[in-house]
Amino acid sequence: MLRRLWTDRSGNFGLLTALTIIPIIGAAGLAVDFTNAMAVKSKLQGAGDAAALAALSPTSPGMQAAFAMTGNGEVPIAESDAKAFFRGQVQNIAGYTIDAINAKIVKSDNNITAVVDYRATVPTILSSAIGRPLVQVAGHATAQFQTENYRDFYLAKDIVYLHIE
């Protein structure tokens with residue numbers, strides 16, 4: 001009986017299809033979940049880039065505070081401004097959960113640098129069947145503003161009037 005079953009070739013297509021359909025569906029599920037995670041990451045990266053640039057806008061409250069600083073250091077109002085701008089940019093994007101947003105704006109001599117980091121969790125659809133219900137995405141955006149170097153230049157001019165008679 002086993003010999004006859006082993007040598008019988010009818011039904012091979014059905015058997016091979018049944019055996020290969022599971023890995024094919026799994027690979028397709030991984031591809032869909034990975035594409036979804038990368039689409040969310042791309043949108044979040046755009047928001048991070050915009051937040052870093054907005055923090056360095058010359059008319060922003062953070063930059064006004066940085067211009068008023070006499071020394072070097074972090075600009076706390078600009079950091080909260082960048083975080084608020086990031087949240088405003090991503091509020092209409094669905095399909096993720098923000099885990100962390102960090103913003104750091106530092107004035108160093110005539111350079112002001114803004115760094116925005118974020119980390120988010122994206123739920124998976126088909127990958128949860130293999131034990132991966134969530135995918136984490138993270139990003140980093142940096143922008144730099146260089147202030148002008150002002151040099152005081154004094155010109156001394158002597159005017160001599162000669163009066164000849």
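A residue is called exposed when its relative accessible area is over 50%, and by that cut-off Leu 19, at 57%, is exposed. The legends below describe close-up views of a predicted model.

**View 1. A nonpolar surface patch that includes Leu 19 of helix 2.** Leu 19 is found in helix 2, the helix that spans residues 12-55. Together with Leu 15 and Leu 16, Leu 19 forms a nonpolar patch on the surface, and the accessible area of these residues together is about 320 Å². For the chain as a whole, the accessible surface comes to about 11900 Å², with 60% of that area belonging to carbon and sulfur atoms.

**View 2. Ala 47, a buried residue of helix 2.** Ala 47 is found in helix 2, and because its relative accessibility is 4%, Ala 47 counts as buried. Once its neighbours within four places in sequence are left aside, Ala 47 is in contact with Phe 86, Gln 89 and Val 90, and helix 4 is the element that covers residues 76-90. The C-alpha atoms of Ala 47 and Gln 89 are separated by 5.6 Å, although the two residues lie 42 residues apart along the chain. In the chain overall, 27% of the 165 residues count as buried.

**View 3. Ser 60 in the loop between helix 2 and helix 3.** Ser 60 is found in the loop that lies between helix 2 and helix 3, and its relative accessibility of 7% is the reason why Ser 60 counts as buried. Not counting residues up to four places away in sequence, Ser 60 touches Ala 54 and Ala 55, and also Asp 81. Of these partners, Ala 54 and Ala 55 fall within the span given for helix 2, residues 12-55, while Asp 81 falls within the span given for helix 4, residues 76-90.

View 4. Four strands form an open sheet in the order 1-2-3-4, with antiparallel pairing; its edge strands are strand 1 (73-74) and strand 4 (134-146), each of which pairs on one side only. Helix 3 (residues 61-68) lies across strand 2, strand 3 and strand 4, and runs at about 145° to strand 3. Helix 4 (residues 76-90) also packs on the sheet, where it touches strand 1, strand 2 and strand 3, and its direction makes about 145° with that of strand 2. The chain has four helices and four strands, which follow one another along the sequence in the pattern α-α-α-β-α-β-β-β.

**View 5. The salt bridge between Glu 74 and Lys 104.** Glu 74 forms a salt bridge with Lys 104, and the closest N and O atoms of the pair are 3.6 Å apart. Glu 74 lies in strand 1 and Lys 104 in strand 2, so the pair ties together parts that are 30 residues apart in sequence. The count of salt bridges comes to one. Glu 74 counts as partly exposed because its relative accessibility is 43%, and Lys 104 likewise counts as partly exposed, at 43% relative accessibility. The two strands concerned, strand 1 and strand 2, pair in the antiparallel sense over two bridges. Within that pairing, Glu 74 stands opposite Val 106 in strand 2, whereas the bridge partner of Lys 104 in strand 3 is Val 115.

View 6. Strand 2 (residues 97-108) and strand 3 (residues 111-123) pair in the antiparallel sense over eleven bridges. Val 106 stands opposite Thr 113 in strand 3, and Val 106 of strand 2 also stands opposite Glu 74. Two residues lie between the strands of this hairpin, where Asp 109 takes a positive phi near 60°.

**View 7. Thr 124 in the loop between strand 3 and strand 4.** Thr 124 is found in the loop between strand 3 and strand 4, and with a relative accessible area of 12% Thr 124 is buried. Leaving aside its neighbours within four places in sequence, Thr 124 is in contact with Asp 33, Arg 132, Pro 133, Leu 134 and Val 135. Thr 124 and Asn 36 are 88 residues apart in sequence, while their C-alpha atoms are 8.3 Å apart in space. Among contacts in the chain between residues at least 6 apart in sequence, 60% join residues at least 24 apart.

Definitions and conventions:
Residues numbered from 1 in each chain as written. Predicted model: local features only at pLDDT ≥ 70, side-chain atom pairs only at ≥ 80, totals over all residues. Heavy atoms only, no water. Buried < 20%, exposed > 50% of the residue type's maximum accessible area, 1.4 Å probe, protein only. Contact = heavy atoms within 4.5 Å. Pairing = 2+ DSSP bridges. Axes fitted to C-alpha atoms, helices over the stretch in contact; angles between N-to-C directions. Patch = residues over 30% accessible without salt bridge, like charges linked within 9 Å, V, L, I, M, F, W, Y side chains within 5 Å. Areas by Shrake-Rupley, 256 points an atom, 1.4 Å probe, with all protein chains shown as cover. Salt bridge = Lys/Arg side-chain N within 4 Å of Asp/Glu carboxyl O.
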